[in-house]
Amino acid sequence: MSKIFIANWKSNKTQTSATEWLEIFSGSAIPASAQVIIAPAFPLLTTVKQHLEVPIRLAAQDVSSFPMGSYTGAVNAQQLKDLSVEYVIVGHSERRKYFHETHADVAAKIAQIVANGLKPVLCLDEEYIEAQADALETRDIPGLIVAYEPLEAIGNGHNAPADQVAKVIQKIKAAYGDVPVIYGGSVDERSVAEYLLICDGVLVGTAALEADSFQRVVAAAATE
Ligand code: PGA
């Protein structure tokens, strides 16, 4: 079965370092069962777009909760669509923590994503699975992928135990239906295999910053 691998570069990289990453990664064999999605910062979307002949897809890390119009500083879903973006990460815990995004903001962003034919990657921690679902206009979201991202596991090397992840996946499916669920939080080449056994893929931050390390994470799809 195909597995999803999202590289979330967060607020890292320049044109030069992104291009170097893409050149190294495009030289690697990507298993046929891996669906690779790169999520760069907005200014790097066109750089990644130029490498889409490599079998990778493009995601944005965020989107405006408003449509096109007079919203200074905002990047809207229509503009992302125009750049060949297919997926948008929404509600990442860093957005919720540092930018004070609420469940209502996330719901408004998802409405924009869907209205423009893009697919949301909705990040959730266990405590607000239901509250976030209640804030949505509808739970029937075309193309939805849910990422379980326990705050205590992000960016610190302490990935969550697989049995905990398996339990939370059940809760997510109870609230959102039988959608693909992926796990994110300190996933690396050593831990990835156990998550691929219980969910549909992984969202990778730190271990996706170097192309060769992400390559080794993605290679785990071949052993599935
Ligand atoms: P991490 O980041 O792999 O560095 O924990 C994951 C994420 O925040 O999506």
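Colleague: Which residues come nearest to the ligand?

Modeller: Of the 13 residues around the ligand, those that come nearest are Lys10, His92, Gly155, Ser186 and Thr206, where a residue counts as near if one of its heavy atoms lies within 4 Å. This is a predicted model, in which local features need pLDDT of at least 70 and side-chain atom pairs 80 or more, while totals for chains, interfaces and linings use all residues. Residues are numbered from 1 along each chain, and side-chain values use heavy atoms, with hydrogens and water left out.

Colleague: What does the side chain of Lys10 do there, in terms of distance to the ligand?

Modeller: An N or O atom in the Lys10 side chain is 2.7 Å from an oxygen atom of the ligand, and a polar contact is a pair of N or O atoms within 3.5 Å. Backbone N or O atoms also lie 2.7 Å from a ligand oxygen in the case of Gly155 and in the case of Ser186.

Colleague: And how much of the ligand's accessible area does the protein cover?

Modeller: On its own the ligand has 280 Å² of accessible area, and the protein covers 99% of that, by the Shrake-Rupley method with a 1.4 Å probe.

Colleague: Switching topic, which residues lie nearest the centre of the largest pocket?

Modeller: Lys10, Ser11, Gln61, Arg95 and Phe99 do, out of 14 lining residues. A pocket here is an open set of points on a 1 Å grid over the protein atoms alone, where a 1.4 Å probe fits, with protein on both sides within 12 Å along at least five of seven lines, and lining residues have an atom within 4 Å of a point.

Colleague: Which helix gives the largest share of that lining?

Modeller: Helix H4 (residues 93–98) does, with three residues, helices being DSSP runs of at least four residues and strands of at least two.

Colleague: How many aromatic pairs are there?

Modeller: The count is seven, taking ring centres within 6.5 Å, with planes under 30 degrees apart stacked, over 60 edge-to-face and the rest tilted. Tyr183 and Tyr195 are stacked, at 4.3 Å centre to centre and 25 degrees between the planes.

Definitions and conventions: Polar contact = N/O pair within 3.5 Å; in protein donor to acceptor, adjacent residues only side chain to side chain. Phe/Tyr/Trp six-rings, centres within 6.5 Å; stacked < 30°, edge-to-face > 60°.
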